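Me: I have a structure open and want to talk it through. Can we start with a helix and go from there?

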Amino acid sequence: MMDAYAIAALLLLCGYILHKVRHMHILVHTLRDDTRHGNATLFRQLEALQGLYVSLGLRRALPLTRGWAASPDFLQELAAHALDEKPRCVVECSSGISTLVLARCLQLNGAGMVYSLEHDPLYARRTRRQLELHGLSAWATVIDAPLTGQAVGGGQQLWYDCSGLPLVMPIDMLVIDGPPQAIGQHARYPAGPILFPRLAPGAMVFLDDAERPGERAALQRWSLEFPHLDVQSLPCEKGAAAMRWAQAAS
Ligand SMILES: C[S@@+](CC[C@H](N)C(=O)[O-])C[C@H]1O[C@@H](n2cnc3c(N)ncnc32)[C@H](O)[C@@H]1O
């Protein structure tokens, strides 16, 4: 006959084992869902990358598109717009693969120029080198634009020194993928007050990383400050937004 202590100990052990089994059951299901989601995301990026190579007819490989680079699905949105609407003056905040993709679109369109603001001289040189290797130097200019204190939104904030950006043409397409978040959560907000007044009527603005708190806050502020900005979210890996500058010519 088991005494009461032995029965209590057995019950405790059974309870502990049940708790562990339940914990493992939840872990397995979470892992399965994460794996499915991860595979779907990866597959989507591979499809987007393959689509880019086809629609841009690239003869050389693009640099790797993980980490800091714009994701293939965002690049595909940029290319689709640039090939459809044939913008003449494209400005982007931060250079990299997006510069190559946009320059190739303009080369295929046969007109236009990409002006890419880059704060880091190392990455400016790398992007220029990639443009050379791809035979695209005539379609994009990487502008050395150090981050300097600028008066925006009632305060001072670091943003690109735009003095190298030509003033001659209104901007038809603006891509905001910098400065990096490391300089502050609201790093990208100044693009609105500084560059939106230079947009052509009907111009399109693309924002990468739109799901991050700083970018969501920037979108909200821009919507309040520029009520004619028509904002749509894009289903991209890192979150993205497309904004039509609906203001008519004055
Ligand atoms: C989000 S990244 C720019 C991505 C760019 N639009 C592209 O499509 O590749 C923003 C900035 O990060 C810097 N950067 C780019 N690659 C980097 C890397 N591997 N490590 C650290 N900084 C990087 C560059 O100065 C760039 O302007």
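**Helices first**

Me: What span should the 14 residues of helix H2 (residues 72-85) have, and how far apart are its end C-alpha atoms?
Reply: This is a predicted model. At 1.5 Å a residue, H2 should span 20 Å. Its end C-alpha atoms are 20 Å apart, so the two agree.

Me: Which residues of H2 are buried?
Reply: They are Pro 72, Asp 73, Phe 74, Leu 75, Gln 76, Glu 77, Leu 78, Ala 79 and Ala 82.

Me: New topic. How do the axes of helix H3 (residues 97-109) and helix H4 (residues 121-133) cross?
Reply: The two axes come within 9 Å of each other. They cross at roughly 35°.

Me: Is the crossing of H3 and H4 left-handed or right-handed?
Reply: Right-handed.

Me: Which residues in H3 and H4 meet?
Reply: H3 brings Thr 99, Leu 100 and Ala 103. H4 brings Thr 127, Gln 130 and Leu 131. By class, this contact has three nonpolar residues, three polar ones and no charged ones.

Me: Why do residues three or four places apart in an α-helix point the same way?
Reply: An α-helix has 3.6 residues a turn, so residues at that spacing point the same way.

Me: Where is Arg 216 found?
Reply: In helix H6, which covers residues 213-225.

Me: Why does Arg 216 count as partly exposed?
Reply: Arg 216 has 15 other C-beta atoms within 10 Å. Buried needs 20 or more, and exposed means 12 or fewer, so 15 falls in between.

Me: How far is Arg 216 from His 186?
Reply: Their C-alpha atoms are separated by 9.4 Å. Along the chain, they are 30 residues apart.

**Now the strands**

Me: How do strand S4 (residues 147-152) and strand S5 (residues 155-160) pair?
Reply: They pair in the antiparallel sense, over six bridges. In one of these pairings, Gln 150 has Gln 157 in S5 as its bridge partner.

Me: What sits between the strands in the hairpin of S4 and S5?
Reply: Two residues. In this hairpin, Gly 153 takes a positive phi near 50°.

Me: What about Thr 148? Which residues is it in contact with, leaving aside neighbours within four places in sequence?
Reply: Thr 148 is found in S4. Its contacts are Leu 158 and Asp 161. Thr 148 counts as partly exposed because it has 14 C-beta neighbours inside 10 Å.

Me: How far is Thr 148 from Asp 3?
Reply: They are 79 Å apart in space, C-alpha to C-alpha. In sequence, they are 145 residues apart.

Conventions:
Residues are numbered from 1 along each chain as its sequence is written. This is a predicted model: local features need pLDDT of at least 70, side-chain atom pairs count only at pLDDT 80 or more; totals for chains, interfaces and linings use all residues. Axes are lines fitted to C-alpha atoms, for helices over the stretch in contact, and angles run from 0 to 180 degrees between N-to-C directions. Helices (H or I, at least four residues) and strands (E, at least two) are DSSP runs, numbered from the N terminus. A crossing is left-handed if the near helix is turned anticlockwise from the far one by less than a right angle, and right-handed if clockwise. Two residues are in contact if their C-beta atoms, placed from the backbone, lie within 7 Å. Ala, Val, Leu, Ile, Met, Phe, Trp, Tyr, Cys and Pro count as nonpolar, Asp, Glu, Lys and Arg as charged, and the others, Gly among them, as polar. The expected span of a helix is 1.5 Å times one less than its number of residues. Two strands pair if DSSP finds at least two bridges between them.
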